[in-house]
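Me: I am new to this structure. Please show it, and then I will ask how the terms apply.

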Amino acid sequence: MGVHLVLLSEGRVLLGQRLNTTYAEGKYHLPAGHVEAVPGESLAACARREADEELGIGIDRDALELVHVHHSHDLDDGRNRVQVFFRVRSWTGRIRTAEPDKCAGWEWHPLDDLPEPIVDYTAQALGAIRRGTAYSEDGWSTP
């Protein structure tokens, strides 16, 4: 399961360009990571850990607001994936590129004019969030 951080400021969203990755190399994406199964991590704990690891900021659990869930079926590998998006209402510290080997840097982009190239499901989820839609999906055949 993936956890994504949506940091907004004056109609802009924080995005970084991925580096040295096996997935979506060179594309813009939200700060994000996977929930660690061992020793077991909650979604909120994952969000807080990723904020520290990727952005160098602290987040209180109460500052997280669940704003979207995206469920996808990958036609290439047949796997189902659930991506959870938390809006971060406040944080402590100054945003920085804490993992420069994985991210070219963090930039603020207008929520209604996202940069290219961007991870497809990220663009879908941010569009849904902008419209106030809590759930989206793709890759499923319709009956």
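**Terms and values**

Reply: Helix H2 has twelve residues, which should span 16 Å at 1.5 Å a residue; its end C-alpha atoms lie 17 Å apart, so the two agree. The expected span is 1.5 Å times one less than the number of residues. This is a predicted model, where local features need pLDDT of at least 70, side-chain atom pairs count only at pLDDT 80 or more, and totals for chains, interfaces and linings use all residues. Residues are numbered from 1 along each chain as its sequence is written, and side-chain values use heavy atoms, without hydrogens and water.

Me: Which residues of H2 are called buried?

Reply: Buried means under 20% relative accessible area, with exposed over 50% and partly exposed in between (1.4 Å probe, protein chains only). Tyr121, Thr122, Ala125, Leu126, Gly127, Ala128 and Ile129 are buried. Their cover includes E1, E3, strand E4 (28–29), E6 and E7.

Me: Why are strands E1 and E7 said to pair?

Reply: Two strands pair if DSSP finds at least two bridges between them. E1 (residues 2–6) and E7 (residues 80–88) have five, in the parallel sense, so they pair. Leu5 stands opposite Phe86 in E7.

Me: How do E6 and E7 pair?

Reply: E6 (residues 64–73) and E7 pair in the antiparallel sense over nine bridges. The bridge partner of His71 in E7 is Val82.

Definitions and conventions:
Helices (H or I, at least four residues) and strands (E, at least two) are DSSP runs, numbered from the N terminus. Contact means heavy atoms within 4.5 Å.
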